[in-house]
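Have the structure open while you read.

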Amino acid sequence: MDWIAHWFPLGWIHFLGGGVAIGLGVSLLFCLTGFIGGASTVYSAVWSYFSQWPHFQHPKFVSTRHWRLAYALGMIIGAVVFTFAVNRGEGFVTRVPAWQLLAGGVVGGFGARMGGGCTSGHGICGLGSLQLPSLLAVITFLVTAIVTAHIVRAYGGF
Amino acid sequence: MTKHVRTVPVLLSALLAGVLFGFGLAWSTMVQPEAILQFLLLQNMGLLLVMAGAACTVMLAYRLIPKVMRTPVFGLGWGVHPSHLKARTIIGSALFGVGWGLSGVCPGPAIAGLGVGNWPLIYVIVGILIGAWIEGRFFEKA
């Protein structure tokens, strides 16, 4: 099975298993509360605490900000659980330079909010509900991300 | 639905769901920008399995759960992800991809990654907050 080693040089079980765990988290949220758990909305909802600008005071943020923060806190706890229960306390610190992280965050955060979702909102929740606009969104951001990563690497970035 | 969002069971539900989500993000190495960039540079197709595993699981849940339950356990109705076929969706997604390709970090893993000690992701969180603010302040109808 050479093609498995070629396309999945680091194995595949943790990818598929991790993906199913992510899906189970989103599914559990839906089952218990009926909410749709995309991640990028968390950030706009955080602004509803600090900005009086009408957009940030929209009910879609104000009425959901508490559970979204709980959801975000849970994500951190889940990663801590993985680190100590599965990974023998071994963490990970990225070597991607700060400027790429910050600039990527600004552009990506802007785009995710304008586009109505990110990898979880469109990629998981949107595809999970078979929405055509989400499929187009996913194809679009996969293409621009692949192109960007190649350009950055070619010009000496990480 | 607003009546219910402050209640303790809903918050605990979101917390528990987040724990599973974050566990999956850490296990699938999505909290490692290096792993995402490896995929975007087409050296490792693992991320496709992550997406497929997550999307298929959610697809089943979104279809089957409302058939066997009348309402969510602690909620009033079933939510729907709002997707619109508009220029904004495509332009925004294209920009999201540019940012994602630059940092190797999605909004969820930026948060979850703190749980594996990946502290530089704070730069991403600050960046996304800035980007979300600019978008909401200048590019949305009030």
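The model is a predicted one, so local features need pLDDT of at least 70 and side-chain atom pairs count only at pLDDT 80 or more, while totals for chains, interfaces and linings use all residues. Residues are numbered from 1 along each chain as its sequence is written, with chains lettered from A and ligands numbered from 1 in the order in which they are written.

**The helix pair across the chains**

- Helix H6 (residues 98–115) of chain A packs on helix H4 (residues 87–103) of chain B at an angle of about 160°, and their axes are 7 Å apart.
- Axes here are lines fitted to C-alpha atoms, for helices over the stretch in contact, and angles run from 0 to 180 degrees between N-to-C directions.
- Helices are DSSP runs of H or I with at least four residues, strands are E runs of at least two, and both are numbered from the N terminus.
- H6(A) and H4(B) cross in a left-handed way, that is, the near helix is turned anticlockwise from the far one by less than a right angle (clockwise would be right-handed).
- The contact of H6(A) with H4(B) has 13 nonpolar, 12 polar and one charged residues.
- For those classes, Ala, Val, Leu, Ile, Met, Phe, Trp, Tyr, Cys and Pro are nonpolar, Asp, Glu, Lys and Arg are charged, and the others, Gly among them, are polar.

**B:Val98, a residue in that pairing helix**

- B:Val98 sits in helix H4 of chain B.
- B:Val98 is buried, with 24 other C-beta atoms within 10 Å; the cut-offs are 20 or more for buried, 12 or fewer for exposed, and partly exposed in between, with C-beta atoms placed from the backbone.
- Setting aside neighbours within four places in sequence, B:Val98 is in contact with A:Val107, A:Gly111, A:Thr144 and A:Thr148, where contact means C-beta atoms, placed from the backbone, within 7 Å.
- From B:Val98 to B:Ser83 it's 15 residues in sequence and 20 Å in space, C-alpha to C-alpha.

**The whole interface**

- Chain A puts 113 residues into the contact and chain B puts in 108 residues.
- On the side of chain A that touches chain B, the elements giving two or more residues are helix H2 (13–33), helix H3 (41–50), helix H5 (65–86), H6, H7 and H8 of chain A.
- H2(A) gives the largest share of that side, 20 residues.
- By class, the side of chain A that touches chain B has 68 nonpolar, 43 polar and two charged residues.

**A helix pair within chain A**

- Helix H7 (residues 121–128) and helix H8 (residues 132–154), both of chain A, pack at an angle of about 150° with their axes 8 Å apart.
- H7(A) and H8(A) are therefore roughly antiparallel to each other, and their crossing is left-handed.
- A:His122, A:Gly123, A:Gly126 and A:Leu127 of H7(A) meet A:Ser134, A:Leu135, A:Ala137 and A:Val138 of H8(A).
- That contact of H7(A) with H8(A) divides into four nonpolar, four polar and no charged residues.

**The chains on their own**

- Chain A has eight helices and zero strands, and its C-alpha atoms fill a box of roughly 55 × 40 × 35 Å along the principal axes.
- Of the 158 residues of chain A, 57% are buried.
- Chain B has six helices and zero strands, and its C-alpha trace spans about 45 × 40 × 30 Å along its principal axes.
- In chain B, 58% of the 142 residues are buried.
- Among contacts in chain B between residues at least 6 apart in sequence, 55% join residues at least 24 apart.

**Helix H1 of chain B**

- The end C-alpha atoms of helix H1 (residues 8–27) of chain B are 28 Å apart, which agrees with the 28 Å that its 20 residues should span at 1.5 Å a residue; the expected span is 1.5 Å times one less than the number of residues.
- H1(B) is mostly covered, with 15 of its 20 residues buried.

**Positive phi**

- B:Thr29, which follows H1(B), has a positive phi near 60°.
- A:Arg88 is not a glycine, yet has a positive phi of about 50°; A:Arg88 lies in the loop between H5 and H6 of chain A and is exposed, with 7 other C-beta atoms within 10 Å.
- B:Leu42 also isn't a glycine, and its phi is positive, near 60°.
- B:Leu42 is in the loop between helix H2 (33–40) and helix H3 (46–68) of chain B, and is exposed, with 11 other C-beta atoms within 10 Å.

Notes:
Parallel < 35°, antiparallel > 145°, perpendicular 65-115°, else oblique. Contact = placed C-beta atoms within 7 Å.
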